[in-house]
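User: I would like to learn how to read a ligand site in a model. Can you take me through one step by step?

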Amino acid sequence: MSRQDDMLRTAKEVQLGNYAPAPFVLTHGRGRRVTDAAGREYLDLSGGISVLSVGHSHPILASAIGEQAARLMHVSNIFYNDRAIELAEAICARSPFDKVYFCNSGSEANEALLKLARRYHYDRDETKRIGFVSTHNSFHGRTMGSLSVTGQAKYRKGMGPLLQDVQFIDFNDVAALDAVVSDETAAVIFEPVQAEGGIIPATAEFVREARRICDERGALLFLDEIQTGYGRTGRFLAQEWFGVVPDACSLAKGIGGGFPLGAMAVTDRVSGGLPPGSHASTFGGNPLACAAGLAVLHILDEEGLIENARRLGEYLAGRLFELDGRLEATAGTRGMGLLQGLILADEVDPLATIAAIHRAGLLLTLAGGHVIRVSPALNVTKEELDEGLAILEGVLSDAPRK
Ligand SMILES: Cc1ncc(COP(=O)(O)O)c(C=O)c1O
């Protein structure tokens, strides 16, 4: 038995069966390439599902983490640390937000948003304002709170009862939003691009009307930028494309470049919403994670990666559009920047197709069950996109049928 087969057998014995990973074990990565335990190299255009903003093992990120680990890894939140202050300042300087709270994941960042909304209204004697409005097909995380505002039955199955007082409307349906936001709504939350739901961008009208409706009714507006933030759509935050500033937004995935880090960024309006002691995280804002966050920002600037995401995002969208025109196995494309989706036709088997793509040496993931998601590192090159698209076309020309 090969070393890789041996590891796969051990994985089945000792790892919880809540994932169904592809049948190889990744051991090394550099740039947009990863290698498995059998020595096979793959081109990674999945970007770790929008996490690897600066690619695998970027030397500047790796040494920033190493140096910080040797200097100061953790202090409790009873004490300030320099890195958290610097990172919060850097995020505020690049965004319309005034204050930042750090945590460790996207779910936690959304959990913080929900608690912020409840406590903010409570402190204003608006005790009836406890409801949330979210969208069908959304994904906001797996903790009980974030799951409660996640609008997909498959993630909620068997997990109830979840938070009550959550109403779901169709994404991009302004009339539906207008009909449900009331004086009992604490906050409206949605993603600028529904990512796990199948790479569905919000319309500018929906985002702008959401701001107007929330303002009119006294509800808070939250955007979940966990998959879209930190440059992925070609702007620092996707909300910039719509010219809308929410009261707060959640960030995670790409902000640590692979190091676990989440954040909630808020405007002054709600910055006092969580008074001392009302919310906390042991690891949140630890110097090591924040050093990673700072290094990612440094690399984005030095290498012009947000501009690269915009330029190559347009290129990728154009190439996927052409591909879709040539192929019978696909049924359209959609996305923003370097978060693009190629929709598989009904008769194509998505799981068998993604497995065939992996076997062909290309790492991509599915979104929404039937959409091939292309979300590479923001430092991907045109040549790498071309190489990946050629592999993709080869597989889809003879795509496995259901
Ligand atoms: C938009 C969005 N929100 C929240 C989450 C949850 O993040 P995490 O898995 O880090 O808890 C994800 C993860 O896929 C996401 O895409």
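This is a predicted model: local features need pLDDT of at least 70, side-chain atom pairs count only at pLDDT 80 or more; totals for chains, interfaces and linings use all residues.

**Reading the ligand shell**

Analyst: Start with the make-up of the shell.

User: Which residues are closest to the ligand?

Analyst: The shell holds 13 residues, and the closest are Gly106, Ser107, Asp224, Gln227 and Lys253.

User: Which helix gives the largest share of the shell?

Analyst: Helix α5, residues 106–122, supplies 3 residues, the largest share.

User: How do I read the polar pairs around the ligand?

Analyst: Look at which atoms pair up, and at what distance. Gly106 uses a backbone N or O atom, 2.8 Å from a ligand oxygen. Gln227 uses a side-chain N or O atom, 2.6 Å from an oxygen atom of the ligand. Asp224 has a side-chain N or O atom 2.7 Å from a nitrogen atom of the ligand.

User: How much of the ligand's accessible area does the protein cover?

Analyst: On its own the ligand has 390 Å² of accessible area, and the protein covers 83% of that.

User: Let us stay with Asp224. Is Asp224 buried or exposed?

Analyst: Compare relative accessibility with the cut-off: under 20% is buried. Asp224 has 4%, so it counts as buried. The residue lies in strand β10, residues 220–224.

User: What does the side chain of Asp224 reach within the protein?

Analyst: The Asp224 side chain makes a polar contact with the side chain of Asn110 at 2.9 Å. The Asp224 side chain also reaches the backbone nitrogen of Ile226 at 2.9 Å. Beyond four places in sequence, Asp224 is in contact with residues including Phe139, His140, Phe190 and Ser250.

User: Now a second residue. Is Gln239 buried or exposed?

Analyst: Apply the cut-off again. Gln239 has 2% relative accessibility, so it counts as buried. Gln239 sits in helix α10, residues 239–242. Leaving out residues up to four places away in sequence, Gln239 touches Pro96, Phe97, Leu223 and Glu225, among others.

Terms used
Residues are numbered from 1 along each chain as its sequence is written. Side-chain values use heavy atoms; hydrogens and water are left out. Helices (H or I, at least four residues) and strands (E, at least two) are DSSP runs, numbered from the N terminus. Buried means under 20% relative accessible area, exposed over 50%, partly exposed in between (1.4 Å probe, protein chains only). Contact means heavy atoms within 4.5 Å. A residue is near a molecule or strand if one of its heavy atoms lies within 4 Å of it. A polar contact is a pair of N or O atoms within 3.5 Å; within protein, one must be able to donate a hydrogen and the other to accept it, and residues adjacent in sequence count only if both atoms are side-chain atoms. Accessible areas come from the Shrake-Rupley method with a 1.4 Å probe; for residues, only the protein chains shown count as cover.
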